[in-house]
Amino acid sequence: MTTHLFALERYDCSPDADGSRPAFGTPDCRLVAVVQLPTDDVVIALVEGPDADVVAAAAEATAWRVDRLIPARWIHPPGTGPHELEAPATPERRQPTPRQETTP
């Protein structure tokens, strides 16, 4: 089964809003992460599943309200170390040349 990544957003402006996480327990979907952006009153769940309809159905089955569901893609997947973001050291990297001053 091919899985795709989806971002599920839930907006909540009520004073008692919490960052409750959805309880995805379906065999077709996997909850990867949930983050709350309190200053934006939004909770974002990252879910892997075969397609948007299956992910939406899984969210509905858990009674987790979804205000927006969009495809997503990893820029830096979990489990990869920070060293992989650094550019490799290569001989082509040059030190800056000293600045030469000219006199008029």
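Here are some notes on the fold, the cores and the salt bridges of this predicted model.

1. Let's start with the overall layout. The protein has 1 helix and 4 strands.

2. The 4 strands form an open sheet, in the order E2-E3-E1-E4, with antiparallel pairing. E2 and E4 are the edge strands, and each of them pairs on one side only. From one strand to the next, the twist averages 20°.

3. Where does the helix sit? H1 lies across E1, E3 and E4, and it runs at about 40° to E1.

4. The hairpin deserves a look of its own. Strand E2 covers residues 30-37 and runs antiparallel to E3, with 7 bridges joining the two. There are 4 residues between E2 and E3 in this hairpin, and in the turn you'll find Asp-41 with a positive phi of about 55°. Elsewhere along the pair, Arg-30 stands opposite Glu-48 in E3; both residues come back in point 8.

5. Now for the inside. The largest nonpolar core has 12 residues: Phe-6, Leu-8, Phe-24, Cys-29, Leu-31, Val-43, Ala-45, Val-47, Val-55, Ala-58, Ala-59 and Trp-64. Strand E1 (4-11), strand E3 (42-49) and helix H1 (52-61) each supply at least two residues of this core. Apart from it lies another core of 5 residues, including Leu-5, Ala-7, Val-42 and Ile-44. As general background, nonpolar side chains in soluble globular proteins tend to be buried together.

6. Which residues does Cys-29 contact, once neighbours within four places in sequence are left aside? The list is Phe-24, Val-47, Glu-48, Gly-49, Val-54, Val-55 and Ala-58. Of these, Phe-24, Val-47, Val-55 and Ala-58 are also members of the largest nonpolar core, as is Cys-29.

7. Glu-9 is worth a click. Is Glu-9 buried or exposed? Glu-9 has 11% relative accessibility, so it counts as buried, the cut-off being under 20%. Its place is in strand E1. Not counting residues up to four places away in sequence, Glu-9 touches Val-42, Val-43, Ile-44, Val-66, Asp-67, Arg-68 and Ile-70. One of these contacts is a charged partner: the side chains of Arg-68 and Glu-9 meet in a salt bridge, at 3.6 Å from N to O. Arg-68 lies in strand E4 (residues 68-72) and Glu-9 in strand E1, so the pair ties together parts that are 59 residues apart in sequence. Arg-68 itself counts as partly exposed, at 41% relative accessibility.

8. The structure holds 3 salt bridges, and the pair in point 7 is one of them. Another joins Glu-48 and Arg-30, whose closest N and O atoms are 3.0 Å apart. This pair links distant parts of the chain, with Glu-48 in strand E3 and Arg-30 in strand E2, 18 residues apart. Glu-48 is buried, because its relative accessible area is 18% and the cut-off is under 20%. Arg-30 is partly exposed, with a relative accessible area of 45%. In general, side chains of opposite charge can pair when their charged atoms come close.

9. A further salt bridge is formed by Arg-65 and Asp-67, with the closest N and O atoms 3.1 Å apart. Arg-65 is partly exposed, at a relative accessible area of 41%. Asp-67 is partly exposed too, at 37%. Asp-67 also turned up in point 7, among the residues that Glu-9 touches.

10. Finally, some totals for the whole chain. Of the 104 residues of the protein, 22% count as buried. The accessible surface comes to about 8,100 Å², and 53% of that belongs to carbon and sulfur atoms. Among contacts between residues at least 6 apart in sequence, 64% join residues at least 24 apart.

Definitions and conventions
Residues are numbered from 1 along each chain as its sequence is written. This is a predicted model: local features need pLDDT of at least 70, side-chain atom pairs count only at pLDDT 80 or more; totals for chains, interfaces and linings use all residues. Side-chain values use heavy atoms; hydrogens and water are left out. A nonpolar core is a set of buried Ala, Val, Leu, Ile, Met, Phe, Trp, Tyr and Cys residues joined through side-chain atoms within 4.5 Å. Buried means under 20% relative accessible area, exposed over 50%, partly exposed in between (1.4 Å probe, protein chains only). Contact means heavy atoms within 4.5 Å. Two strands pair if DSSP finds at least two bridges between them. A salt bridge is a side-chain nitrogen of Lys or Arg within 4 Å of a carboxyl oxygen of Asp or Glu. Accessible areas come from the Shrake-Rupley method with a 1.4 Å probe; for residues, only the protein chains shown count as cover. Axes are lines fitted to C-alpha atoms, for helices over the stretch in contact, and angles run from 0 to 180 degrees between N-to-C directions.
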